[in-house]
Amino acid sequence: MSAAATPAYPRTWKRPPFFASRALKWALVAGALVYLVLALASVEVNWARLSEGAGRAARLFSGFLTPDFVSRWGDIWQGLVESLTMTVTSTVAGILLSVPIALGAARNLAPWWLYGICRGIIALARVFQEIIVAIFFVAMVGFGPFAGFLTLSFSTIGFLAKLLADDIEEADPGQVEAVRATGAGWWQTVDYAIASQVMPRLIGLSAYRFDINFRESAVVGIVGAGGIGATLNTALDRYEFDSAAAILLIIIGIVMACEYGSGLIRQRIQ
Amino acid sequence: MAVLTDATGGRSWQLRTSRERLVRWFAWLALVALTVFCWRVMTAGTIWAFVTDAPTQAADIFGRMVPPRWDYANRLWWPLWDTINIATLGTMIALVLAVPVAFLAARNTTPSTAFVRPVALFIIVASRSINALIWGLLLVAVLGPGVLAGIIAIALRSIGFIGKLLYEAIEEIDQRQVEAIRATGASGAQVMAWGIVPQILPALATIAVFRWDINIRESTVLGLVGAGGLGLALEASLNTLAWPQVSVILLMILATVLLSEWVTAKVRRAII
């Protein structure tokens, strides 16, 4: 920069461009537009069915204003008990299975072959949606909450074991070394150096997973794996919108309570 | 931390006082009791003969699933296109709806913390607490089966997610930049356009891509309740016990999910 060639001080300012190349930017915009047109064109809208649906939408809305908790209470109660018990047992079982798998999937604790196996299990549990897993468990053990329990326990591994393993790998190696230097064995190292570091996180994640498991338990019933979802499915199949509204309000209420509770637990331990 | 003194006057260090240990012991007892109770209630109607039979059943199902019927894949291109459209269009509609909700919910941009903010927060919570499949069930009952119900289900479900993450991002913006723009004499709209929007745009883009990835996964199963896409083909194959077709569909879903994850990773790297 030479002082002599100083240009006139710029009086206007332009936002720096997001894309480095103008051609790339317009190609992306054009591509997006073409996609949008094609996608919108392939959505078939059946207007006759839609106008018929308007009446149903109105009934659904009025159902929300006058939810009917009474006439199907027996079914609702059974679905709720199934969902809640399923949530508790599958969360506990999921944690019990996740902890050893997480220890095996932590690079700093496990030999390479165990690491591979455990990471494989985690990947398998994460790939498919709960609903698809539920279809298979229903086909294996029959209809009912037990299939839901298996599904949720399995998905809990994918979530909890992965996050916990990542957390163990990030644990402070100084503490591990200090405990090992006292002559501690493998179990003692895990107990005193690792567990004390990751415990708050494990509790927080478990509370969060409890919350998720309840949400999912409200859905797996649609494919026959027990819980409130089955009751909701039946109510909607019969067009009993007031009962369906009651079920939805209960689900929203419990989800909010779970979320608030798990938030409170996570705040207290952090 | 506590120091205990025993009968002979010796002192020893303990992690917790005896009172703390008692409380913890009771908490564990309560947890175990609750789990056992729930287990008994849940399995009351379980037929154990079916459960012990499960490994045989599993082997049978997987035996039927291989070899996959590869030529069936040619009939899946249209459902696949529908699935991608459900996820993409649903995410776009959700973005359009969630941005104003997020601005109304953020403490620093809402017009009224007493009246507007609680309403916006309620919309976010209600949308988040109902799974896309349940939205799908509702919308199929109202609109009839098809892609449209799927798109709206995904959109309604995503509002809460996008809204929540976005309003947290808005609340975390750097106020000094907003003040600097205001100090130049900018109007409310100009403060919005030059002070707030540029700060949250990267967050919005990452949230949108992240949600699109989730929506691809969710839209693959929406068809199970009649809302179009690959799930519809899955339902049809399951109902006719055509297991070789089921395995093709599952592989197709797997490929789609992996592809969406790859796209998401690419886009995120470009943004951050």
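This is a predicted model: local features need pLDDT of at least 70, side-chain atom pairs count only at pLDDT 80 or more; totals for chains, interfaces and linings use all residues.
**Exercise 1. In which hand of crossing does α7(B) pass α9(B)?**

Residues are numbered from 1 along each chain as its sequence is written, chains are lettered from A and ligands numbered from 1 in the order in which they are written, and side-chain values use heavy atoms, leaving out hydrogens and water.

*Step 1.* Find helix α7 (residues 147-171) and helix α9 (residues 188-222), both of chain B; helices are DSSP runs of H or I with at least four residues, numbered from the N terminus.

*Step 2.* Their packing angle is about 150°, and their axes lie 10 Å apart. Axes are lines fitted to C-alpha atoms over the stretch in contact, and angles run from 0 to 180 degrees between N-to-C directions. That makes α7(B) roughly antiparallel to α9(B) (angles over 145 degrees).

*Step 3.* The crossing of α7(B) past α9(B) is right-handed: the near helix is turned clockwise from the far one by less than a right angle.

*Step 4.* The residues of this contact divide into 14 nonpolar, 4 polar and 3 charged. Here Ala, Val, Leu, Ile, Met, Phe, Trp, Tyr, Cys and Pro count as nonpolar, Asp, Glu, Lys and Arg as charged, and the others, Gly among them, as polar.

**Exercise 2. Describe how α3(A) packs on α1(B).**

*Step 1.* Helix α3 (residues 73-104) of chain A meets helix α1 (residues 18-42) of chain B at an angle of about 130°, with axes 9 Å apart.

*Step 2.* The two helices, α3(A) and α1(B), are therefore oblique to each other, and the crossing is left-handed.

*Step 3.* Contact (heavy atoms within 4.5 Å) involves residues of α3(A) including V81(A) and M86(A), and residues of α1(B) including L34(B) and W39(B). By class there are 9 nonpolar, 3 polar and no charged residues.

**Exercise 3. How many cavities of 30 Å³ or more does a search of the whole structure find?**

*Step 1.* The search finds 2. A cavity is a set of points on a 1 Å grid where a 1.4 Å probe fits but cannot get out, and lining residues have an atom within 4 Å of a point.

*Step 2.* The largest cavity holds about 50 Å³, a volume being the space filled by probe spheres set on the points. Among its lining residues are Q129(A), E216(A), N131(B) and E218(B). The largest share of that lining, 3 residues, comes from α9(B).

*Step 3.* The second largest cavity holds about 40 Å³. Its lining includes F128(A), Q129(A) and R217(B).

Methods:
Angles under 35 degrees count as roughly parallel, over 145 as roughly antiparallel, 65 to 115 as roughly perpendicular and the rest as oblique. On a 1 Å grid over the protein atoms alone, a cavity is a set of points where a 1.4 Å probe fits but cannot get out, and a pocket is an open set with protein on both sides within 12 Å along at least five of seven lines; lining residues have an atom within 4 Å of a point.
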